Amino acid sequence: MVHKLYLGLGSNQGDRAAKLARAIELIGERVGPVIRQSSVIETEPWGFTSGNKFLNCAIYCETTLLPRQVLQVTQQIERELGRHYKGKGYRDRPIDIDILLFDELNIDTPNLQIPHPLMYERDFVMIPLKEIQQ
């Protein structure tokens with residue numbers, strides 16, 4: 001079965017545009033074909049203070065993976081691109097990949113929430129998402 005998957009991506013460390021491009025390439029290889037990609041927007045950090053602005057975008061993929069498999073794959077991609085998980089809270093990061101929507105599913109577990117619980121509060125998510133949603 002093919003699932004509809006929307007992901008939000010952000011980067012505010014290093015070559016931000018290259019990190020986004022590489023993450024999208026790897027998602028296409030490992031999660032499923034990227035059907036649509038939003039414009040890239042530059043935004044201020046959300047939830048913390050930093051001198052580094054983010055580049056953000058959203059993508060629409062089709063995947064045969066299940067939600068937890070998508071989470072595992074995207075977290076592996078984040079690690080490969082230099083993200084290290086250290087404690088809680090928001091901080092600068094070379095790449096962030098969030099599962100925004102997966103079909104019409106609602107999942108609420110400690111390590112996976114779909115739809116993403118804060119996406120409606122974040123213009124840096126909603127502006128790119130609205131651009132590619134159908």
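These entries follow one serine, then a helix, then a pair of strands.

Entry 1. I reminded myself that this is a predicted model. I then picked Ser 11, which is found in strand E1, residues 3-11.

Entry 2. Is Ser 11 buried or exposed? I found a relative accessibility of 0% for Ser 11, so this residue counts as buried, the cut-off being under 20%.

Entry 3. One of its polar atoms lies 2.5 Å from the backbone oxygen of Pro 94. Leaving out residues up to four places away in sequence, I listed the residues that Ser 11 touches: Arg 16, Lys 19, Leu 20, Lys 53, Phe 54, Leu 55, Arg 93 and Pro 94.

Entry 4. I moved to helix H1, which covers residues 16-30. H1 has 15 residues and reaches 21 Å from first C-alpha to last, close to the 21 Å expected at 1.5 Å a residue.

Entry 5. Which residues of H1 are buried? I noted Leu 20, Ala 23, Ile 24, Leu 26 and Ile 27. Down the axis of H1, the buried residues fall within an arc of 165 degrees, so they line one face of the helix. They pack against E1, strand E2 (34-37), strand E4 (54-63), helix H2 (67-80) and strand E5 (96-102).

Entry 6. I finished with E5, where seven of seven residues are buried. E5 pairs with E1 in the antiparallel sense, over six bridges. For Leu 9, I found Ile 97 in E5 as the bridge partner.

Terms used
Residues are numbered from 1 along each chain as its sequence is written. This is a predicted model: local features need pLDDT of at least 70, side-chain atom pairs count only at pLDDT 80 or more; totals for chains, interfaces and linings use all residues. Side-chain values use heavy atoms; hydrogens and water are left out. Helices (H or I, at least four residues) and strands (E, at least two) are DSSP runs, numbered from the N terminus. Buried means under 20% relative accessible area, exposed over 50%, partly exposed in between (1.4 Å probe, protein chains only). A polar contact is a pair of N or O atoms within 3.5 Å; within protein, one must be able to donate a hydrogen and the other to accept it, and residues adjacent in sequence count only if both atoms are side-chain atoms. Contact means heavy atoms within 4.5 Å. The expected span of a helix is 1.5 Å times one less than its number of residues. The arc is that of the directions from the helix axis to the C-beta atoms. Two strands pair if DSSP finds at least two bridges between them.
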